[in-house]
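Here's a quick tour of how some side chains pair up in this structure. Have a look at the model first, then read on.

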Amino acid sequence: DKAREIILDYIKGAELVKMTDEEATWLLDMDRETVLSKPATVLKQIGATVGVLITAGEDGCAYAFGKHGGRLEAFEVPVVDTTGAGDAFSAGFLHKTMQLTDAWQAEKVDMGLDKPMTRAHVPPPQRIAMAFEQKELAGDAV
């Protein structure tokens with residue numbers, strides 16, 4: 001399908017890709033269970049260099065950053081309308097990543113390993129994955 005080809009070509013060089021499970025199954029011609037249980041496979045197929053986030057509504061999300069990945073259950077919240085839920089998820093993730101970037105920079109400087117990094121840098125994939133796995137850290141962004 002031409003649309004699939006265009007979209008895949010467009011996102012090949014992305015640093016980070018966020019998509020729904022439905023988008024991933026269509027785009028990569030994979031079944032939903034594989035998309036959610038093997039997010040590293042999705043990461044490899046789309047060619048994102050840092051990571052992929054796959055949201056699945058009430059079923060939570062799957063993520064892969066480098067060789068690190070997994071699933072995170074959805075937070076139980078009263079649902080009135082799901083319009084903008086993906087945008088809110090992305091905003092929370094980016095907010096937390098910015099906090100991790102600052103923390104990572106401070107750690108590196110404190111250890112004397114490097115000069116301060118510019119804001120454009122992100123913490124290593126394993127640090128992002130660790131934060132994802134610590135639900136209380138992920139909850140800070142909610």
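Let's start with the rings: there are two aromatic pairs here, where rings of Phe, Tyr and Trp (its six-membered ring) pair if their centres lie within 6.5 Å. This is a predicted model, so local features need pLDDT of at least 70 and side-chain atom pairs count only at pLDDT 80 or more, while totals for chains, interfaces and linings use all residues. Residues are numbered from 1 along each chain as its sequence is written, and side-chain values use heavy atoms, with hydrogens and water left out.

**Aromatic pairs**

- Tyr 63 and Phe 65 have ring centres 6.2 Å apart and planes at 35°, so this pair is tilted; planes under 30 degrees apart count as stacked, over 60 as edge-to-face and the rest as tilted.
- Phe 65 also pairs with Phe 93, and this time the rings are stacked, at 5.9 Å centre to centre with 10° between the planes.
- Put together, Tyr 63, Phe 65 and Phe 93 make one aromatic cluster.
- Tyr 63 is buried at 2% relative accessible area, Phe 65 is buried at 0% and Phe 93 is buried at 9%; buried means under 20%, exposed over 50% and partly exposed in between (1.4 Å probe, protein chains only).

**Salt bridges**

- The count is three salt bridges, each being a side-chain nitrogen of Lys or Arg within 4 Å of a carboxyl oxygen of Asp or Glu.
- Asp 21 and Arg 32 meet in one of them, at 2.4 Å from N to O.
- This pair also joins distant parts of the chain: Asp 21 sits in helix H2 (residues 21–28) and Arg 32 in helix H3 (residues 32–37), eleven residues apart.
- Arg 32 forms a salt bridge with Asp 59 too, with the closest N and O atoms 2.7 Å apart.
- Here the partners are 27 residues apart, with Asp 59 in the loop between strand S2 (51–55) and strand S3 (61–65).
- Asp 21, Arg 32 and Asp 59 are therefore linked in a network of salt bridges.

- Glu 5 and Lys 2 form a salt bridge at 3.7 Å, N to O.
- Both lie in helix H1 (residues 2–11), three residues apart, about one turn of the helix.
- Lys 2 counts as exposed, at 53% relative accessibility.

Conventions. Helix = DSSP H or I, 4+ residues; strand = E, 2+ residues; numbered from the N terminus.
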